[in-house]
Protein chains: 2
Amino acid sequence: MLELAILGLLHESPMHGYELRKQLTTKLGAFRFAISYGSLYPTLRRLQSDGWITEGAPPANAPAGTDEVPLLTSKRGRVVYTITAEGKERFQELLSAAGPETYDSEAGFGVHFAFFARTDPATRLRILEGRRRRVEERREGMRDVLSRAAERLDAYTLELQRHGLDACEREVRWLEELIANERNGTTPQPPSAQDPERSS
Amino acid sequence: MLELAILGLLHESPMHGYELRKQLTTKLGAFRFAISYGSLYPTLRRLQSDGWITEGAPPANAPAGTDEVPLLTSKRGRVVYTITAEGKERFQELLSAAGPETYDSEAGFGVHFAFFARTDPATRLRILEGRRRRVEERREGMRDVLSRAAERLDAYTLELQRHGLDACEREVRWLEELIANERNGTTPQPPSAQDPERSS
DNA sequence: CGTTCGATGTATCGGCCCGATACATCGGGC
DNA sequence: GCCCGATGTATCGGGCCGATACATCGAACG
């Protein structure tokens, strides 16, 4: 999961670890708060040994007197990571992958979704529908619990189930909206933004 | 986290691994789908070596001719786990703990919440308020992203943020309701259940 | 009556990721 | 002149997951 996220960010611009973590946090903030350095650095080393990224500033000897890279604080003891050509291929390959790991975990789905702008439409649709299926299964499970085993559970457990069920129903509705948009060929919200009654 | 969950379930009744996993799945289904055996069995062994649980049916030589335990399929190659007196103390100790690990992760909060019926009111309140604080922080983070960096993000990333923000706002409202109930001394929903307009 | 198949049941292994921790350096405020 | 908070790199132990491997029981099907 981290692999895809890192390659995606380095695809936009070279960066060092600290900056990478911050970007990761804002871009994926909806699904996880912050990525741990205990995950980040080992993953960076793995990506490096796999040849997807390289260590060291890319235009160290700049062709023209430019810092095309908007100088992302490459000062001090920095180690700047740059994606390689193979890394870009790898990124595309991971982007198109739509296996169970893409639907099952919040994080997995979130990362893929965050890069939807660079994913081809067919894959987008497959991922959204796969995700919807999983969430629906989850929802059915909770409905069963609530209808069949309600009397055997205490009030708090029940309330937890209700809240979970509500969240699932909401996510399914969200996904259906997105799927409809995909089929129409419209991008998510920007056209239909700020319509008067979104919450009801 | 698993430790608390397992002790809590074994507190209700002795069980073997398979059954334990099923109960875990339904009781915590709102926050995680299923616990992996790769977590369950090692944890059971740890709990055993710590003395919180013992292996083997508890009323093997039943005092009176009873299966007080509602015969939870203790057939075949089963290994039935039973909580010890020390385990019960440990359970109470974990129940009262309300550190960061209790608020931060979905799973951590979910497990504690699932056993609220056996948690003392003061701890319940502390946990709910701690959780609310975390979710509010998360919410503020996403609001900042949406207001300050909106133009730098693509439509999909934006939509992800919006959805995340919505979920946070919803959870905060849910928590506030629960907190209000706690202060009134009312149990969650059962009194106010099936009021006509819950969703709006 | 035999076989197959799905539910029940126990267990391990490699790997991802997290939280805690340890440093070291820079810029600015007191 | 000194300290402190933001920046920055890095490791270690441990929890939990997904895949996998078995083995047994009951029922269905030929």
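Trainee: In which sense do β2(B) and β3(B) pair, and over how many bridges?

Mentor: Strands of a sheet pair through backbone hydrogen bonds, and they do so in either a parallel or an antiparallel arrangement. Here β2(B) and β3(B) are antiparallel and are joined over 3 bridges, where pairing requires that DSSP finds at least two bridges between the strands. B:Thr54 has B:Thr82 as its bridge partner in β3(B), and B:Ile53 has B:Ile83 as its partner in that strand. Keep in mind that this is a predicted model, in which local features need pLDDT of at least 70 and side-chain atom pairs count only at pLDDT 80 or more, while totals for chains, interfaces and linings use all residues. Residues are numbered from 1 along each chain as its sequence is written, and chains are lettered from A and ligands numbered from 1 in the order in which they are written.

Trainee: What is the order of the strands in the open sheet of chain B, and which strands stand at its edges?

Mentor: The 3 strands run in the order β1-β3-β2, with antiparallel pairing. β1 (15-16) and β2 of chain B each have a single partner strand, so one side of each is left without a neighbour in the sheet. β1(B) is joined to β3(B) over 2 bridges, again in the antiparallel sense, and B:His16 stands opposite B:Val80 in β3(B).

Trainee: And what is the order of the strands in chain A?

Mentor: In chain A the open sheet of 3 strands also reads β1-β3-β2 and is paired antiparallel; its edge strands, β1 (15-16) and β2 (53-55), pair on one side only. β1(A) meets β3 (residues 80-83) of chain A over 2 antiparallel bridges, with A:Tyr81 in β3(A) as the bridge partner of A:Met15.

Trainee: How many helices and strands are there in chain A?

Mentor: Helices (H or I, at least four residues) and strands (E, at least two) are DSSP runs, numbered from the N terminus. By that count chain A has 8 helices and 3 strands, which follow one another along the sequence as α-β-α-α-β-β-α-α-α-α-α.

Trainee: Is B:Arg78 buried, exposed or partly exposed?

Mentor: A residue is buried if 20 or more other C-beta atoms, placed from the backbone, lie within 10 Å of its own, exposed if 12 or fewer do, and partly exposed in between. B:Arg78 has 15 such atoms within 10 Å and is therefore partly exposed; its place is in the loop between β2 (53-55) and β3 (80-83) of chain B. The C-alpha atoms of B:Arg78 and B:Met15 are 9.3 Å apart, although the two residues are 63 residues apart in sequence. B:Arg32, in the loop between α2 (17-27) and α3 (37-50) of chain B, is likewise partly exposed, with 17 other C-beta atoms within 10 Å.

Trainee: Which residues of α6(A) are buried, and what covers them?

Mentor: The buried residues are A:Phe109, A:Gly110, A:Val111, A:His112, A:Phe113 and A:Ala114. Their cover includes α1 (2-12), α2, α5 (100-103) and α7 of chain A, together with α8 of chain B. For the whole of chain A, 32% of its 200 residues count as buried.

Trainee: At what angle do the axes of α6 of chain A and α8 of chain B cross?

Mentor: Two packed helices are described by the angle between their axes and the distance between those axes. The axes of α6 (residues 106-114) of chain A and α8 (residues 155-184) of chain B come within 8 Å and cross at roughly 145 degrees; axes are lines fitted to C-alpha atoms, for helices over the stretch in contact, and angles run from 0 to 180 degrees between N-to-C directions. A:Gly110, A:Phe113 and A:Ala114 meet B:Tyr156, B:Thr157 and B:Leu160, a contact being two C-beta atoms, placed from the backbone, within 7 Å.

Trainee: How many residues does each chain bring to the contact between the chains?

Mentor: Chain A contributes 33 residues and chain B 32 residues. On the side of chain A that touches chain B, α8(A) supplies the largest share, 11 residues, and that side divides into 17 nonpolar, 11 polar and 5 charged residues.

Trainee: What rotation superposes chain A on chain B?

Mentor: Two copies of a chain are related by a rotation about an axis and a shift along it. Here the rotation is 180 degrees with 0.0 Å of shift, at an RMSD of 0.0 Å, so the copies are related as by a two-fold rotation axis; the superposition is by least squares on C-alpha atoms of residues with pLDDT of at least 70 in both. Of the interface residues of chain A, 97% are also interface residues in chain B, so the copies meet through the same surface.

Note on methods: Nonpolar A, V, L, I, M, F, W, Y, C, P; charged D, E, K, R; others polar.
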